Structures are given as C-alpha cells and as structure tokens.
Amino acid sequence: MILMHGEIIDSNVEQKYLEGLYEECTKTLAAKEPISTECVIAACDKLYQAAMRGEYDEIALPLLQMANLTYERFLGLARLFSREELEYKCKTELGDWYGELPALKNGTLRKRYPLGVLFHIAAGNVDGLPAYSVIEGLLAGNVNILKLPTGDNGLSVKLLSELIRFEPKLKDYIYVFDVPSAETETLRVFAETADAVVVWGGDEAVAAARQLAGVNTKIISWGHKLSFAYVTEQAEEDTLYALARHICETNQVLCSSCQGIFLDTEDREVQERFGEQFFEMLKRANVELGKTDIGMRGKNTLRLYTDSLETPDGRRILQEDGVSVVIKEDRELELSYLFRNVWIKRLPRREIVKRLKRHKGHLQTCGLLCGPGEKEELSELLGIAGVVRITGSDMSRMIPGEAHDGTYPLREYSRIVEVD
C-alpha cells in the first residue's frame, strides 16, 4: 500500500514512484507557499473533533479491545491532536515565537526552517504512533516519508488520509510506503532522499538506519527504552495496586512500561514479603482487566519453567494464571518477559547512580513510589543516573508538551537560519 499525493495506490507500482521521489520532495520544499504550523494544527483539530463525534469508533473500538484499553483512554490520546494541546506543544518546544523568531541583539534576523525531508521508520507497539510521528514532522514544516511497521492495522493510513481530506495542502507533504525491512535498496532510496532518518526502535534498528543513511544525514532515534519502578517502604498500597494495573494494561510492551521493580532495601526478607504482596495485586489486576492471549501465557510459562531449572541463583518465581513475579538476587536493569511478568530486585538508594548510569541511552521512565519527604532526593538521584521521565504509578501517561526521551522532537526536526 502507498499513500502518495493524497491517493492510496497499490504497492506493485512502487518502483515508478521511487524514481521521482527526490524531485517531488524538493519541489514541494521550494514551493512559494509552504505549509504553516497553523495549517497543520487546524487539520489535526478537525481530526480530533471527528474522533469526538465517534466517526472512527469502527476502527478504534476493536483496537482498544485488543489492547485492553478503555474508551476514556482513547479519548485522552485523541485530545493530543486538538488545537489547544498542539498549540501548547509548539509553544513549549519552540517557544512563544514559534512562528517568528525575534532578532538577535545586533539586529541579525532569525528564522526557523524545517530540516527538509524526514524518513520515519515506525515501530508497531503503539497503534497510531506512526501517524503521530508524521504529524510532528508536519508541525515543523517537513515533507514526511513513512515506512509502516510490520503488521500495521491500517490505522496510520486512515488517520493521514483523513488529515489530507481536511487539509488538501498536506497531500504533497505525506508519503506512506508499506515496505518490508528486508528491501534495503528501497529503504536506501528513502534515506538518501531524507535530511534525517527518524527511528522508532532499539539499538539494532538504529544501527540498520545508520547503514542506510549517508554521513550527511541526521539520525534521530526514539526508543526502545527500558523503564522500571522504584519503591520505598513508604509507598502506599493504592499506588502499588495502580502500578499492577499499569503493568496489565500495557502488557509491558511500551518503552514507558514497567519491566521490573527496584526496592530501596538491602534486606532479602523485605524483598520476599513485598514480592508476595505485589504478586497478589498483580493477580487481582489480571482478573479485573482480562487475561492475556493464551498462547503468550503458555510461552511465558515454559520460559519461567526453564528458568527455574537452569538458573539456580537464588531466584524465586511466583506464577499463576499468566502472571508472574520473579524475585532476583542481582541488581541489573533488564527487559522482563513482558505480558504481565515482572522482576523484583533490591537496590538501595545509595547505589542508584552507580547501577543505572551504565545503562546510559537506554533509560526512560521511572515510576517513583515513595513518601512525600523522599521524592526530592530520589528524583535527583534518578535524574543524575540518566532517567528522563519520573512519574507515579501511571508510567505511560501522555501529557502535552512533554519531551521524547529527554529532548523535544520539534526542535530536532527544525533548524535556525540567521541572516545579517
């Protein structure tokens, strides 16, 4: 599937369109009337209003059911496309003068320009994220080439097609291609056309993007990151249960999902008691939110059984009904088995920086559950260690104006030109 000039085209004519892609993109950039941020915001707000009227429920509701997300959560995410939130995002990331920049003290004029062409290599762990990545590129004035993730459900093409319907000026700024990652020559054409490659993925995805792009092409990477919770003895029971619900709601597949819990203790008995307590909470949340796919439950059961046989290192596994808590002796941050399987480790606060700093570049969110008097000290230690988001139990909450992995995307997608 290809979305080009506002039309959906069959993928078997791809080569024909690749040959003139660079010329098409540069022609759009050189237009006398390029798209404005206001133009993009107005189109997105129309999209948001249509979502509020329920016009996309036919697509959204099955996806929400598959992801165990509530309709209220969907409406909250849709609000990120509203005029109010996008204007706030632009002002936060680009400043109050995101339209016109004031001159420097010596009279030198300044103007913000787009990077030019962005090639988005999207991840498929969040429905709608590929389209939102393109919208961020549009807000900065860029032409956008999107490679759909494997198994895309069609939501991204639907959203972007609707955006073009609301504002036809955007049709020459959006290209969507459904190209397998194995087609490296096609992907190289996209990368050579682009001023920057925007990668949503882990180290392997970033390394692959560097192989595609020339040395004069910027690589902008978002994720995959590791997130965790840090819990002290002063954490309240209701916040712990909210964390258990977060783990079940996200199935731990997001960069901001809790993979495991570090406890502010040296005491193994404290760790054991907490593990048993949290296991009961996890089982309760699992029942309330509905169990995961039976195939995934079976897969993780086998993995945990193998673990119990092959790694006699003092770990204790609590497992039932598709959820598990693994009480471990080591103090390393690691990926969990996902889908409601969480590890619990001891990490006294004096070791936070030493243990976590080695994971530089991979840290994202910490769900900090502690007493009010502890928050300032622990937040400072986590920030020094490299964590870029410190939240409560709702680790995957999205708010307007927040950074991506510690930086602002609209700044990454722009450049400042100074003229004496």
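Biologist: How far apart are Phe-274 and Phe-278 in helix H12?
Modeller: In this predicted model, Phe-274 and Phe-278 are four residues apart in helix H12, which spans residues 268–289, so about one helical turn separates them.

Biologist: Switching topic, how many aromatic pairs does the count come to?
Modeller: The count comes to seven aromatic pairs, and one of them joins Phe-177 and Phe-190, whose ring centres are 4.7 Å apart and whose planes stand at 35 degrees, so that pair is tilted.

Biologist: Which parts does the pair of Phe-177 and Phe-190 tie together?
Modeller: Phe-177 lies in strand E6 (residues 174–177) and Phe-190 in helix H9 (residues 184–193), so the pair links parts that are 13 residues apart in sequence. Phe-177 is buried, with a relative accessible area of 0%, and Phe-190 also counts as buried at 0%.

Biologist: Which residues form one aromatic cluster with Phe-190?
Modeller: Phe-119 and Phe-177 form one aromatic cluster with Phe-190.

Biologist: What about charges, which ring does Arg-284 lie over?
Modeller: Arg-284 lies over the face of Tyr-241, at 3.8 Å from the ring centre, while Lys-345 has its charged end over the ring of Trp-343, 4.8 Å from the centre of that ring.

Methods
Residues are numbered from 1 along each chain as its sequence is written. This is a predicted model: local features need pLDDT of at least 70, side-chain atom pairs count only at pLDDT 80 or more; totals for chains, interfaces and linings use all residues. Side-chain values use heavy atoms; hydrogens and water are left out. Rings of Phe, Tyr and Trp (its six-membered ring) pair if their centres lie within 6.5 Å; planes under 30 degrees apart count as stacked, over 60 as edge-to-face and the rest as tilted. Helices (H or I, at least four residues) and strands (E, at least two) are DSSP runs, numbered from the N terminus. Buried means under 20% relative accessible area, exposed over 50%, partly exposed in between (1.4 Å probe, protein chains only). A charge sits over a ring if NZ of Lys or CZ of Arg is within 6 Å of the ring centre and within 35 degrees of the ring normal.
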